[in-house]
Amino acid sequence: MKRIIKGIAVIMMLGMATPVPKVFASEGVEVNHLGVSNTLVRITGDGKYLLLPVQESSDDEKINILVDGKIEKTINVRLAKSKVDYFVPLDLSPYNGQEVVLNIITTQSRSTVREAKNDVCWKNMSLSDTFDTSNREKYRPAYHHTPLYGWMNDPNGMFYKDGVWHLYYQLNPYGSKWQNLSWGHSTSKDLVNWDVHPVALEPNGLGMVFSGSSALDPGNTAGYGNNAVLGLYTSADASQTQSLVWSNDNGETFEFYPANPVITLESEARDPNMFWDAENNRWVLLLAHALDHEMLIFTSPDMKEWTLESAFGKGIGAQDGVWECPDLFRLPVDGTGEEKWVLICNLNPGGPFGGSATQYFVGDFDGKTFVADTDADGNIPTKWMDFGKDHYATVSWSNAPDNRRTVIGWMSNWQYAAEVPTMQFRSANTLPREVGLFKGPDGRIYLSSTPSPELVALRGKTTLNVKKANIGSKARIFNLPADNGGVCEITFDIDARKSKTVDIELINPSGEKVVMQYDVNAHTLSLDRRNSGIVDFSQDFPAVTVAPTFENDRKISLRIYVDKSSVEVFGDEGRFVMTNLVFPNEPYNKLSISSQGGNTTVENLKIYSIK
Ligand code: FRU
């Protein structure tokens, strides 16, 4: 009794401060508001996941996850203020039987605790044993790789081992905007069907997990075992440093090299991409010296001690924006018996149609220095790998079988990636592609990209098969498959020797269309998506992209992949490629072809539904 009276006296002296009452948001979730910008959430019940309510227009709130009083990790989540857009799961299963407390520091502008208490996130946090990943969003691709939920950008660390293609990617597991960068992990045996694995790498004290690469270590150079998977990625916080990780369970989980970082510089450098140089018995690493528009080349005997050998790029090629995500590999030049090296350089912005894009250089590499081929005039030409707006951060698989050089890119553009009309997930990857080199009609060597051979397995019914059609100015209309949301593959050969332009359109009943035009005299194929559907979420989205067709006989063959929100056009066995996103209000259900300035012959027109 005495003690209680004393307590009241103290409270009165402090000016009516009262102990903060505990509020039960939902069963097993106790919320304790500490002030305008700080709330504690204590887990008192059972459940595999704590479901966190997200509102995309909210600001990021910093959540320190304390397990038995120690910081386990820190994540940033756009906790819902006035409405819940979707939920993201925080997996509590690793902390079974331990005390879990979320210390949430909010940055929302709040003047009173009462106001902060009204945020809808508090009463919508709940425990659950399941999290529904069956995403039924309209624009979720039917056959492109996407994360189950959350944000994705660059593909990372891809390697092939024992019949399995491993694909990691920049992932935010706690929202559909760029944040909390981790390496998501998927695997495939056929490059068509993908299994999702637990997140492989999460942010740590050195920062977020930015892009990087991995490779097998057959000679045990790093000391983690024969054929250990070695990974290198950029730790990104106030600065960017390079971290080494290794895995002895085929890339399922990684250990962090305790003496990281292995490379530090005084300026921004990221996206290490390494390979084993068998001729010189050492590792070679390319690192994007982002703001300096150059790729640094290092070598190492063991992945830990690195020597800077050279730098490539100052003043060469497209120089706008930042240089990112390099790759370097050797390829035969089709039909010549010659071999050349290709240096991939992603840059953002500065792409040919605005925003991000992938340029490449063809040249020679002596184990230390890359020298790009020059034209007859002594200049190094700028070359683009894809002529659409949505192809970025493309890099290749390490250790791919049969001397294949298989690549995959992020199918979006930094200009609007965070604004595209999807919610539970953001972004897909391009179809996997095989790259090669060919000599163009101008004598220069170019990179080709064809759909990986495994992708023919996607073909379902042949819904149209036209051997030959003579097409004039009146459009011929063909039906696209109605099932599976209209997704399909279309292939045909065009002989336009008597024509000036050929229009190829994908049209839906609302009149929305994707208009491709083969300009025979200009030797170009363009794609206009200005009226393709929803385009107004960004002023940079409506666009016309143009590819050179690299032919001089006025004939092209096209292979077009249509998914729910993308159109990928491969021309002449990948000599030109165009990847573009589209968001039609309803699926395209007609293909229209017409020819101006004379008739065009279309042969072997086939449309396949997708399984
Ligand atoms: C390229 C990039 C990389 C970086 C990563 C961060 O899209 O900016 O340079 O490592 O994304 O998510």
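Guide: One term before we start: two strands pair if DSSP finds at least two bridges between them. Also, this is a predicted model.

Visitor: Okay. How many helices and strands does the protein have?
Guide: The protein has three helices and 43 strands.

Visitor: And what about the radius of gyration, against a compact globule?
Guide: The protein has 27 Å. A compact globule of 611 residues would be near 25 Å, so the value agrees. The C-alpha atoms fill a box of roughly 105 × 60 × 40 Å along the principal axes.

Visitor: What share of the residues is buried?
Guide: Of the 611 residues, 58% count as buried. The accessible surface comes to about 24900 Å². Carbon and sulfur atoms account for 48% of that surface.

Visitor: How many positive and negative side chains are there?
Guide: There are 57 positive and 74 negative side chains. The centres of the two sets lie 6 Å apart.

Visitor: What about contacts along the chain? What percentage join residues at least 24 apart?
Guide: That is 62%, counted among contacts between residues at least 6 apart in sequence.

Visitor: Back to pairing. Which strand does S14 pair with?
Guide: S14 is joined to strand S15, residues 228–236, by eight bridges. The two run antiparallel.

Visitor: Is S14 buried or exposed?
Guide: Buried. S14 covers residues 208–217, and ten of its ten residues are buried, so the strand is largely enclosed by the rest of the structure.

Visitor: Which way do its side chains point?
Guide: Thr406, Ile408 and Trp410 point one way from S28. Val407 and Gly409 point the other way. All of these residues are buried.

Visitor: Which strands are joined to S28 by bridges?
Guide: Strand S27, residues 392–396, is joined to S28 by three bridges and runs antiparallel to it. There, Tyr392 has Trp410 as its bridge partner. Strand S30, residues 433–439, is joined to S28 by two bridges, also antiparallel. In that pairing, Val407 has Arg433 as its bridge partner.

Visitor: New topic: prolines. Which residue is joined to Pro261 by a cis peptide bond?
Guide: Asn260, with omega about 0°. Pro261 is in the loop between strand S17 (255–256) and strand S18 (270–277).

Visitor: And what is omega for the bond from Asn348 to Pro349?
Guide: Omega is near -15°, and that bond is cis. Pro349 is in the loop between strand S23 (338–348) and strand S24 (357–365).

Visitor: Now backbone angles. What is phi of Asn180?
Guide: Phi is near 50°, a positive value in a residue other than glycine. Asn180 is in the loop between strand S11 (164–172) and strand S12 (182–188).

Visitor: Is Asn180 buried or exposed?
Guide: Asn180 counts as buried because its relative accessibility is 4%, and the cut-off for buried is under 20%.

Visitor: What about Asn250?
Guide: Phi of Asn250 is near 55°, again positive in a residue other than glycine. Asn250 is in the loop between strand S16 (240–247) and S17. At 33% relative accessibility, Asn250 counts as partly exposed.

Visitor: Let's go to the helices. Where does Asp119 lie?
Guide: Asp119 is in the loop between helix H2 (113–117) and helix H3 (120–124). Asp119 is buried, at 5% relative accessible area.

Visitor: Which residues does Asp119 touch?
Guide: Leaving out residues up to four places away in sequence, Asp119 touches Ala80, Lys81 and Arg110.

Visitor: Last one: Gln319. Where is that?
Guide: Gln319 is in the loop between strand S21 (307–312) and strand S22 (322–333). Gln319 is partly exposed, with a relative accessible area of 23%.

Visitor: And which residues does Gln319 touch?
Guide: Leaving out residues up to four places away in sequence, Gln319 touches His293, Gly313, Lys314 and Leu347. Leu347 is 28 residues from Gln319 along the chain, and their C-alpha atoms are separated by 8.1 Å.

Terms used. Residues numbered from 1 in each chain as written. Predicted model: local features only at pLDDT ≥ 70, side-chain atom pairs only at ≥ 80, totals over all residues. Heavy atoms only, no water. Helix = DSSP H or I, 4+ residues; strand = E, 2+ residues; numbered from the N terminus. Rg over C-alpha atoms; globule rule 2.2 N^0.38 Å. Buried < 20%, exposed > 50% of the residue type's maximum accessible area, 1.4 Å probe, protein only. Contact = heavy atoms within 4.5 Å. Areas by Shrake-Rupley, 256 points an atom, 1.4 Å probe, with all protein chains shown as cover. Lys, Arg positive; Asp, Glu negative; His and termini not counted. Charge placed at Lys NZ, Arg CZ, Asp CG, Glu CD.
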